[in-house]
Amino acid sequence: MLSRPKRAHSSRVVARLLQSLFVVWAAATAAFVLMRLAPGDPYTTRIDVPANERAQWSAQRGFDQPIPVQYVKWLRNLAVGDFGQSSYFKRPVLDVLRDVLPRTLLLMSLALTASVLLGMAIGAWQGTRVGTTGDSLLSTGSLLAYSVPEFWLGILLVQLFAQSLGWLPASGMVSTEYEYLPLSARIVDRLRHLVLPLTALTLLGTSLFARFQRSSMRDAWNEPFVQTARAKGLTERGVRWHAWRTALVPVVTMFGLMFPSLLGGAVFVESIFSWPGMGHTAVLAVNARDYNLAVAAVIVGSVMTVSGSLLADVLQRAVDPRTAA
Amino acid sequence: MSRRLLWPLAALVVFLIIAAGAPWLSPAAPNAIPTEGIIASSPPSAAHPFGTDPSGRDVLSRVLHGTRISLGIALLSVAIATTVGTLFGALSGWIGGRLDAILMRLLDVALSVPRVLVLLCVSALWGALPLPGLVLLLGLTGWYDVARLVRGDVFALKDREFVVAARAMGTGETRVLWRHVLPHIWPTLVVTATLGIAHTIALEAGLSFLGLGVQPPQASWGSILSDGSAMVSSRWWITLFPGIAIVSAVMTCNALGDALRETLAPGQVAA
Amino acid sequence: MTSPLLSVSDLRVSFQTDAGVARAVDGVSFTVSAGETVGIVGESGCGKTLTALSLLRLIPSGGKLAPSSRVEFEGADMLSIPERELRAVRGRRMAMIFQEPMTALNPVLTVGDQVAEVVRVHTKRSRSEAWALAVAMLARVGIPDAAARAAQYPHELSGGMRQRVMIAMALVLEPALVIADEPTTALDVTIQAQILELLRELRERIGMAVLLITHDLGVVAEMASRVLVMYAGEVVEEAPVESLFAQPIHPYTEGLLAAVPSLALASQTTQERLRTIPGTVPPPTAWPSGCRFRDRCEHAWERCATDAPALVQVQPAHRVRCHLVQEPERRRT
Amino acid sequence: MTPLRYSRLLAGALVSTLLLACSPEQQPLDTREEGGTVAIGLSGEPASLLPPLVGSDHEQAIVEVLYDRLADIGPALATVGDAGFTPRLASSWQWAGDSMSISFTLDERARWHDGQPVVADDVKRTFELYTNPLVESSQAALLANIDSVSVSPPRTATFWFKRRSPQQFYDAAYHMFIAPAHLLQDADPAELSLAPLGRSPVGTGRFRFVQWNSGDRIEVIADTTNFRGRAILDRVIYRLFTDVGAAVVSLFTGEIDFFSPLPADDLEKAGKTPSLRVVAYPSLKYQLMLMNVRNPASVEEPHPVLGDLAVRRALSMATNRERVVRAVFDSTAGVARGPTTGLFIPENATLRELPFDVAAARALLDSAGWQIAANDSVRAKNGVRLRIEVLVPAGSPNRDRMAVLLQDQLRAVGAELVLQRLEINTLITRLERANFDAFMHGWNMSPGLVGLRQVWTTGSFGGAGNNYGGYRSPTYDANIDSALSSFDPVVAQRTLIRALQTIIDDAPGIWLAEDGAIAGMHERIEPGVLSATGWWHGLPSWRIPADKRNDRDRIGLTPAR
């Protein structure tokens, strides 16, 4: 009796993983097709290269083969992490990703954590005080924050805190002297460089979570079990915890859905703050018509999104026993 | 009408008036580079309340005209997105079964790539797009949410008594869908579309800021702002005023969407 | 009735709404002695649930208590004691069983946790002690395999089991007074009987007083020794259960009795067909002038529209709010 | 006009020396002089630091301090014979009696940064790479007169020329940075950009490579045992930016110490910033809108629009060049008269420029058959619209602004310009494939007139040079050839002027600005005279007075933690 739901559970996990894999594969394939649809062969040879040399050149790269053969080969390479060469960086795309991806993940994970914590705190506070002055002020605030595009916010932050006040660095991940500082100063330096991009990237997420948490908390706050908790003699804090614990469920779903929107935000924030991460690199790749890198960015984005929704699933199971069965 | 609905609606009307009346409201031609005197970016003054951009063009006039382009792009592309999304969602929800499963997987795939990356990638492959291309691109990447919501609504409505009754009376499938089901999902559509407009304004501004959206000499708020981005150090006004325009337009649409959501309570059609 | 456990006097709760002031509970007074079971009966919207909530000062936001209202419980005024003392009473001395166990239990916490929480909040017992006590209590309310069930979530239990959990939660600290708000309404008929049986049994064992709130006179008949009939925010009739059933005076009470199939058949006085009370409870923002029941009353005459009847004593323990007490000849037969 | 050009050069040099004279504490050179770290902002990331692949300014800036030429040009930028040239990697050289070969003897003290001695084979291998068509080196055209390099071990490399030319020494000694053959043995010329040496260079320069952190920085330190003496600075950190705006902000906040070229718009603010100093210096760069005269679809045919001489001339005449240059560069640049900076136009030359005359431009287009149809604002001829796609390098605000101004001005004569912004390396790829209409070009000339051959002659199409637009004029070719090869200065000058007049009349580009460049730098830095060949030229002798050094300067030579 107990083992049966468990087996069902594990087969569901497998199904979910397969489904995610399918999504990534399909996105990658779409990217491949897009790349082939693009006007002009990305590997157009120079006008003055003789025909035989050109043929040899494209044979070397397998471009003389039929598209399905190329596709299979491309997919096989992809499976082992070979995204091809970056025409802009003149390096394997994988090497570039190795450099830039951790930087973006750092920014994104911090921004996500900060958005979640701040947003939930604000939203939960509001949710139990719907209609009060504090609530409407915060609601207006988060509506504003929700409406400010990251790139403009970034520009404002640079102008204000880096240029006018000179409190924080305007761009980059570390100072010029970074590598020659003692450990403690290096940590401070990293943090100082994180403040502005993180703020720019966090504000939108925070307001999003706050809005979401507010409404879910408001709903939970009107549920009968809140009354029960009070009747049990719980303190207001205890009662709020009861409500928050259930209000968490829809918010946790949001958590996974934030990944694509954060990555989108990172494109702009990284560009403004010269943060050499995935987003900034994607823009460079676009300006440079670096197809392999652009396609890799799409695939990485899709992997991130899919992992995000998997994570959301896991988290939702963790916080909501009703979905666990 | 509730006050929550009134304010954003009034603001939206103001924006539409500005968009429609830009040629009459603007003190100067938006793309006119002065033919006399020095071409330079000057700070706000009586003659140019928002200052001038690096090519000596009046930023106020450009922002007013930019309203047209920014809002126009957003409205048109959201119209496309809503149409495509409704068709896709209605089809999926109405027919259900295998088709629904396939369409939903497709939607998963589409949703898996961050929209900004798709837009970047297409720009990478095709280069700067003309305005209709941009509208189409934004529209064709913006319908996923609509499709999902519409599908959910249609799915829920499909077995409701009045629908079953209509079918029982021998009404054709298309007609039932068109006359009996779709009218019930318009609150969902109105709310999603309004929020979609807000999002599209911001997104188009971002793309134009990166130089991938609206191409010169046409100017949307994002590209006006972009013209000043290389000189934020000394020419703050070129980035400030279009930025304020973007934020207020986006905020207006978001507030309107929120208010509409509460007024129309679209979630309840499915209940 | 030397010193009643609970003494409610002139309880008034009102709400400010768009349609005006809603006087949802309008001058309710009654007492409950230790060990006694009192029923409050009435249709939905008559203010009985709000009365119950007021006893624990659980008035929904926006509700305003009149300054004259008093709820004395074990010598303390529940309406004015500090929050801290109030919390010490809630769940420990006075507990509540809610109507809808599905929504009144927190869906994301195990039922064991929810029961143990009461213990943890009010006593210094450790987590494991509290858990053990909770499991024991769950077993006491008749949940089979309580140790395993305690680790389950509300949605994994049947409706009856959930209500047993609610009861366990209310009774785990053996309070002096339990307020049971429609404890069986949401349940199947067979389960209803089981739950009532359980409540009766525990009442005897713990020796607690029960304030039973229900619209179901059958439940009252089985459980209570005394009944208050509420209509439109007021008590309209109060009597020991036997005399109420034997000689209902208020037309509303009569109507209620007549609407219950089994009682209607058993009743000696009304051997007619099953009747329903015409009309519905008016909205609390617009109580009729005079007698609030007059619109639905078959006996109503002019006086009923102008004079609000007072609650008058007709027998030592029987009080009624009706002009028929003074003018019995007006009763139409 | 011409004296003005020279006075501008002079003024630039003067400004920098004056500023130097004003700065306090001019201590005599001593060992304690050495030290200091300078952070330099670059507005792009190099693709590779391999000498034959150097294309952009920011690649050149770094390669030039890591590697050496055989000999360096003198301050007068004279390119005739070997007058003024100073030894670099070569300690001496020997002309053959018939002048058909020159033998360079390498400095015996010279070592690669990995400790290996520099040998003649390095020179030969370098030459082979530069001239291998698969490498696609932009310098290849400049080496066209060198037939081969032979080696007499260990340290003598002999350059054999195809014919005598006044510039033959310059060609051999200046255009190549010598690369280490022992580290390039396995390199595939077709995939040279992937060679590991490109990302961790090993040179002979007075700075040695430390690290390249992609997207963030490239760092070099003084090569303390360098055969030419260590650089005065300890360390140079190049911070990599992708847009000028961010770099300028960093200059203002002190994150970087040096940035050039500083946009004209930021001059005023920089001047008011006490920690910054603004230095004007001459430059060999000129800017133009290059027009492709070949059909991108089929290069043997003329361009459907720009292949028409009348169109090119009309577009030039419709452009108010003075206005464009003033708007973008304020007073920091002059208006170019032809495909060169004024430095290389003889003082007494009288060149007829195409006048700014909108009416004449319209008339010219009308008579050439480009008509404005009803309900259209763009001219067309035989169904072909006068629509030109202009490639603009992304992250180059000055060229972007010029493009916007041109777009505006040319609309007045019924021409439609469509701007297409592209990252520079990608853009160059398109140029090399002749796949473009027009390009906002900025050309950094080599000293001397070789650029006039490199960019505009028929022989320098595609891989052989930088004639992206496919300009083809036998008259121009012949005159430039003569100007470059004649040992008679009078003939050289006469043919040069004739060549310039030819190309101005043919209008393969709209000549816009000739830069004087502006550098913004921290006031503690004393860079000496900034060279017209590039601000980086004198980097090894930049100094920071001991009493002005800040924390950054105290990093010293210690390795990173």
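Tutor: Start with the term nonpolar core: a set of buried Ala, Val, Leu, Ile, Met, Phe, Trp, Tyr and Cys residues joined through C-beta atoms within 7 Å. A residue is buried if 20 or more other C-beta atoms lie within 10 Å of its own, exposed if 12 or fewer, and partly exposed in between, with C-beta atoms placed from the backbone. The model here is predicted: local features need pLDDT of at least 70, side-chain atom pairs count only at pLDDT 80 or more, and totals for chains, interfaces and linings use all residues. Residues are numbered from 1 along each chain as its sequence is written, while chains are lettered from A and ligands numbered from 1 in the order in which they are written.

Student: Which residues touch the most other members of the largest nonpolar core?

Tutor: In general, nonpolar side chains tend to be buried together in soluble globular proteins. Here the largest nonpolar core has 450 residues, and those that touch the most other members are Ala294(A), Leu120(B), Val115(C), Ala134(C), Leu138(C), Leu177(C) and Val390(D). Helix α9(A) gives the most to this core, with 18 residues.

Student: What does Val115(C) touch?

Tutor: Two residues are in contact if their C-beta atoms, placed from the backbone, lie within 7 Å. Leaving out residues up to four places away in sequence, Val115(C) touches Ala134(C), Met137(C), Leu138(C), Val165(C), Ala168(C), Met169(C) and Val172(C).

Student: Is Leu284(D) buried or exposed?

Tutor: Leu284(D) counts as buried because it has 23 C-beta neighbours inside 10 Å. Leu284(D) sits in strand β12 (residues 276–291) of chain D. Apart from neighbours within four places in sequence, the contacts of Leu284(D) are Thr341(D), Leu343(D), Asn444(D), Met445(D), Pro447(D), Ala532(D) and Thr533(D). The C-alpha atoms of Leu284(D) and Gly516(D) are 8.1 Å apart, although the two residues are 232 residues apart in sequence.

Student: How many helices and strands does chain A have?

Tutor: Helices (H or I, at least four residues) and strands (E, at least two) are DSSP runs, numbered from the N terminus. Chain A has 12 helices and two strands, in the order α-α-α-β-β-α-α-α-α-α-α-α-α-α. Of its 325 residues, 50% are buried. Among the contacts in chain A with a separation of 6 or more, 74% are between residues 24 or more positions apart.

Student: And what is the secondary structure of chain B?

Tutor: Chain B has 12 helices and zero strands. Its C-alpha atoms fill a box of roughly 80 × 45 × 25 Å along the principal axes. Chain B has 271 residues, 55% of them buried. Residues 24 or more positions apart make up 72% of the contacts in chain B with a separation of 6 or more.

Student: How do I read the crossing of two helices?

Tutor: Axes are lines fitted to C-alpha atoms, for helices over the stretch in contact, and angles run from 0 to 180 degrees between N-to-C directions. Angles under 35 degrees count as roughly parallel, over 145 as roughly antiparallel, 65 to 115 as roughly perpendicular and the rest as oblique. The axes of helix α4 (residues 93–127) of chain A and α10(A) come within 7 Å and cross at roughly 135 degrees. The helices α4(A) and α10(A) are therefore oblique to each other. From α4(A), Val96(A), Val100(A), Leu101(A) and Thr104(A) meet Met278(A), Gly279(A) and Thr281(A) of α10(A).

Student: Which chains share the most contacts?

Tutor: Four pairs of chains are in contact, and chains A and B share the most contacts. That contact takes 39 residues from chain A and 34 residues from chain B. On the side of chain A that touches chain B, α11(A) supplies the largest share, eight residues.

Student: How does chain C meet chain A?

Tutor: Here 25 residues of chain C are in contact with 19 residues of chain A. The largest share of the side of chain C that touches chain A is four residues, from α4(C). Chains B and C do not touch, and their nearest C-alpha atoms are 14 Å apart. Chains C and D have no contact either, with their closest C-alpha atoms 47 Å apart.

Student: Which element of chain B has the lowest mean pLDDT?

Tutor: The score pLDDT is the predictor's confidence in each residue, from 0 to 100. Chain B averages a pLDDT of 85, and 96% of the residues score at least 70. Among the elements of chain B, helix α12 (residues 267–270) has the lowest mean pLDDT (44), and helix α2 (residues 59–95) has the highest (92). Where pLDDT is low, the predicted coordinates should not be read in detail.
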